[in-house]
Amino acid sequence: MLGKRPWRMAAIAAAISLLVAGCGSGDSEDPTAAGNTVVIGISEPQHLLPTNATDSSSAQVLNSLFYPLVTFDAEKNPVEVAAEKISVAKGNRVWTIKLKPGFTFHNGEPVTAQNYIDAWNYGAYKPNAQGGGYFFDRIAGYADLNPLDPDGDGPEKAAEPTTNKMSGLKKIDDLTFQVTLSAPFASFKSVIAYSVFFPLPKAAFSSDGVIAKGFEENLIGNGPFKMKGSWVHDDKIVVEKYADFKGVVPKVDGVTWKIYGDQMAAYADLVDNNLDVQTTIPTDALANAPADLGERFQKSENSVFEFIGFPTFLPQYKNPNVRKAISMAINREEIASQIFLGSRTAAKSFVSPVVSGYRENSCGEPCEYNPTKARELYQQNGGPKEIKITYNVDGGHKSWVDATCNQIRASLQVNCIGEQEPKFAVMQDKLQKHQDIGLIRLGWIMDYPLMENYLNPLYGTNGGSNYYGWSSAAFDTLVKEGSKAATPEASIKKWQEAEDILAEEMPVIPLRYGQNVYGYSERVTNVEVDLFSRVNLYELETLA
Amino acid sequence: MFRYIVRRLLQMILTFFGATFVVFALMFANQDDPVQALAGEKPVSASLREALTERYHLDEGLLSQYWYYMSNLLTGDLGESISGREIGTLLEDSWPVTVRLSLMALVIAAALALGAGVWSAIRRGSVFDNGILAFTLLLLALPIVVLAPVAQWIFGMELGWFPATASRNASFYALLLPALVLATTVVATQLRVTRTSVAENLRADYVRTARAKGLAPRRVIWVHVLRNSLIPLVTLIGVDLGVLMSGALVTEGVFNIPGVGSKLAQGIRTEDGPMVVGFVSVLVIVFLVMNLVVDLLYAALDPRIRYE
């Protein structure tokens, strides 16, 4: 029977195919912004719940939906925004935060102190597994919410937390709350600018400590924009002006956060004027960008710091003079301009220029390119015959590692090879097992603009990113003293002293500072990209 | 016929379980540290690592992880990706656009292959035939990682004929360029196969008979010859549908289409076992069903083929 009408069958099959292919095409809504709205490219945010959102894409979106307690002025000093006054007592341990009155969430709920306390407690509670949970670890009571497994990978299970409320958070009245830290910290005000510290409305919780299902797709914030429709995963997030917003009102009426899986695709849309702002032009497009975009291709500083670490468990790199010699063998400027086409700048300090307290060239002579002196020093101190630089292949590091190796080879006259590992996690694992993987390439993006946010995680004995195991008691003490100091100025002084120890010891070789390399369409003007790689939505304007 | 279909469906179930287990085991072997892969290069706090490890049973062995996955699957729960999204919803979101894209590519490729293939078989050795040969060789030589960005640059950005990127709800027009690019991955083989098959049948006895009894040449070629030449092409098209769906990895990335290909790539990058297995399972089903359909189509094309 089938055999009788093969052609009809084929025709029907083709018709169905075309029908399926065509259907759904009715929704050909042009993503190009109309009127006074803009389209900004991001990657798919991993999460949008503020305490779980730590990538830059989600930070951008959250910044449109929420109004932070503090923000940073041009000198990177924290200034109150949603908070009216933040005061501190008892030797920098007890912070009192008073909120500005009259603010409401997008569902009409007034913003109260309790909203902050609930959100922070949710973020810190271990079973919620929030990516930004560690931000709360300075607050008293964090440890009670995060009991750790006593024997690591062993058979014993970690105890269940006894409470889901941090003892350090106390409500004074509807608009005031008190934060007690477990140890004094003079710069806590800078920390709470981060998106992790945003408040959540009552509507976010279905019961105590449980986020309502679907809240993440339909966020309700206290910021200048509110969600228009839900988060369409892998496609877009549309926000529009919130009429009752009492803070600084942005100049645009709405933002479409268009989600790209591949930044080259975003760049194609940018050149076509289908996308208004791209905050990070991909490396592959850097060569064409000045011609494609002209004046609309811009750079601004950000907090990225790239360096090479010396695993200190390796005996051949124990001698600081060997480390200095290798550092002096590298011509940072040449790599920044030749390999990165000026999208990076040479680094000669151990913290990024975006933090206050940064000193130009605090590293001194060991970071200056000097091949002759490098070779002398290297030979005097008996540096190893072969140098290995390990990097993860999935991060586009091959070209600069090879270039660095070429420079080391030329300057020190020893063999240098770039060793590849498939992923960052594999590198980490080998480091933990103290395998000889040679030098390692690393990078850091700050969480808040303080010297401490570079010094402690990267060089502190218990630093979360101190993968190379460098440890100095004197350094740790200075960083701690800096955190406890009475004023931010006094803190910086101590931290600079700590940085001087780094210059003597050279646990890492500072290489480059990152920059935001961004572009925008012909439709917009006043585009600023801040040190967190976020577009400044309060300044952005359309050319209508 | 009915018994044949039932037997094939039963075989499919076995194949399905075997395939998912293999994929699961491969993902497990490839897994270094999914928690770190999720965080990129940011340090993961001990507290977060413990909580996620416990939630997704990351510290347990292959078999017990597979057991958790399968026992959920059998109750219709595809589980959660490690970034916390439901895989069922992810599948629902990403399949339609991939199906549209690959069907468009398939129709474009088959139409081109049939038209040009038959024509060059009739005019063997002509300029057209040689031109098509050179063209297909060029397509075969150009990998899609080159072709897709180049097509986007020329037709999307420089000439502006097509939008440079598409999206999940892209219009037919926006999907046309990616579909054309995707079609190039299969059109060359299909075209060569059609040409050879038609050329072979043109010399068959029944064609001479048909011509001799005075049938119109058009009818001889498009009905008598073509129908007998279709079997190899149909086989190819059936397999190609699966190839197109899974092979859209590059095309979907370049044109920013959030379909199966781009999600699979993401799942592999983040070492997300359940997500990859979920997507691959559906791909396995597509392949199996297409194979069955192809086998049944043989019977439709050639009455001599019967299934018991």
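Axes are lines fitted to C-alpha atoms, for helices over the stretch in contact, and angles run from 0 to 180 degrees between N-to-C directions. Helices (H or I, at least four residues) are DSSP runs, numbered from the N terminus. The model is predicted: local features need pLDDT of at least 70, side-chain atom pairs count only at pLDDT 80 or more, and totals for chains, interfaces and linings use all residues. Residues are numbered from 1 along each chain as its sequence is written, with chains lettered from A and ligands numbered from 1 in the order in which they are written.

In chain B, helix 5 (residues 87-122) packs on helix 13 (residues 273-301) at about 45°, the axes being 10 Å apart. Residues are in contact if their C-beta atoms, placed from the backbone, lie within 7 Å. The contacting residues are tabulated here.

| Helix | Residues in contact |
|---|---|
| Helix 5 of chain B | B:Ile87, B:Leu90, B:Leu91 |
| Helix 13 of chain B | B:Pro274, B:Met275, B:Gly278, B:Phe279, B:Val282 |

In chain A, the assignment gives domain 1 (70-211) and domain 2 (307-443 + 450-513), with bounds from an automatic or database domain assignment. Nine residues from domain 1 of chain A and 12 residues from domain 2 of chain A form the contact.

Chain A has a mean pLDDT (the predictor's confidence in each residue, from 0 to 100) of 87, and 92% of its residues reach 70 or more.

Definitions and conventions: Two residues are in contact if their C-beta atoms, placed from the backbone, lie within 7 Å. Helices (H or I, at least four residues) and strands (E, at least two) are DSSP runs, numbered from the N terminus.
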